[in-house]
Amino acid sequence: MIMSNSKIWLSSPHMGGNEQQFVQEAFDTNWVAPLGPNVAGFEEDLEQFLGESVHIAALSSGTAAIHLGLILLGVTAGDEVICQSFTFSASANPILYQGATPVFVDSEPDTWNICPKALEEAITSRIAKGKKPKVIIGVHLYGMPFKVDEITAVAEKYGIPLLEDSAEALGSTYQGKPCGTFGALAALSFNGNKIITTSGGGALVAHTKQEKEKAVFLATQARDNAPHYQHSSIGYNYRLSNICAGIGRGQMEVLDNHIALRRGMHDFYVDLFKDVEGVTVFNEPTADYHSNHWLSAITVDPLQTGGKTREHLRLALEAGNIESRPLWKPMHLQPIFEKYPYYGGNVSAQLFEDGLCLPSGSNLTDAERQRIATVIETFFEK
Ligand SMILES: *Cc1c(COP(=O)(O)O)cnc(C)c1O
């Protein structure tokens, strides 16, 4: 038998089966528009999934959700917004869309997310400099909830609203409560590489009907109530299309299954690396945390592996036509963001140095897992 050597991706779309039926319905009824029954149905599915009586506005991307979240929380030009440094640039870019200034904060080593101590230091320092930050953006990276109790306590102490970037954490929980329901507002993403996809899409999670309506208003060009086109605020074209929402409705039917399969990939790596000295699989710090394990990640300590680094491993996987990727490069080290204030130490910088994301898709086959295991076992001479 010839072994297939087709590319193994980090995270690729995984269709459940009924997506095309919802898309076909949209064609049959001519709802080929950024509104329609699939948009409403997808929003209801997400509201049911998250519970906590949330109100969902389906949008064209997670980035759009973060942008509208900042607008709803009152961020305007000249404001300062605190943002977790260790993240994807889409968490921070919308701060600049608003003409505001990002203030970056380091991570702590348990969840790899925003550090409560560095966060408080940043807030008190900015207040001392004369400006109280307007919003705090915390991220549940790779599906791991941030330290919800500590972070919300700091946010409440200083009366600063929390915007949760839950783009990677649909289905993750902290103390049994879903990520995306802790902040004043939250953003979800359904990009092609996320745990479910609409090919491209996102959503804003709100806690009142009014907030949702405001988001939808801004996302549909901020059209005032008049027979002609009348505008009294800046609008955006950020609504999700009814076609994409149809894919989302099909994906919602298999979300629980995708979470179980992603968590299964994590267990696969825990088992694979259990005897490899110097490799640590990123894991929930306590039973309070339940990650969807969107991406499985490891850190490699070359002092304990006889000099083997995560980059050596990445190249070995690449030679086997297997995609892996270094962890997010922190925003405070990015050319576009390095001139902005930063608070913390080198936790996120070190994670970037030592960390690697491994293929984590819910659609990986036993044969693909075997290929991954063979490369890794050979590399570490297990
Ligand atoms: C994917 C992602 C986003 C952006 O979502 P899009 O739908 O791609 O715009 C924002 N933040 C994080 C942490 C993400 O992973």
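Two strands count as paired if DSSP finds at least two bridges between them, and strands here are DSSP runs (E, at least two residues) numbered from the N terminus, as are helices (H or I, at least four). By that rule, Leu59 has Gly202 in S9 as its bridge partner. This is a predicted model, where local features need pLDDT of at least 70 and side-chain atom pairs pLDDT 80 or more, while totals for chains, interfaces and linings use all residues. Numbering runs from 1 along each chain as its sequence is written, and side-chain values use heavy atoms, with hydrogens and water left out.

**The sheet**
- Eight strands make an open sheet with mixed pairing, in the order S1-S9-S8-S5-S4-S2-S3-S14.
- S1 (55–59) and S14 (342–343) are the edge strands with a single partner each, so one side of each has no neighbour in the sheet.
- S1 runs antiparallel to S9 (residues 202–206), and five bridges link the pair.

**Around the ligand**
- The shell holds 16 residues (a heavy atom within 4 Å of the ligand), and Thr63, Asp165, Glu168, Ser189 and Lys194 come nearest.
- By type, the shell has five nonpolar residues, eight polar and three charged (Ala, Val, Leu, Ile, Met, Phe, Trp, Tyr, Cys and Pro are nonpolar, Asp, Glu, Lys and Arg charged, the others, Gly among them, polar).

**Polar contacts (N or O atom pairs within 3.5 Å)**
- A polar backbone atom of Gly62 is 2.7 Å from a ligand oxygen.
- The side chain of Lys194 has an N or O atom 3.2 Å from an oxygen of the ligand.

Key:
A polar contact is a pair of N or O atoms within 3.5 Å; within protein, one must be able to donate a hydrogen and the other to accept it, and residues adjacent in sequence count only if both atoms are side-chain atoms.
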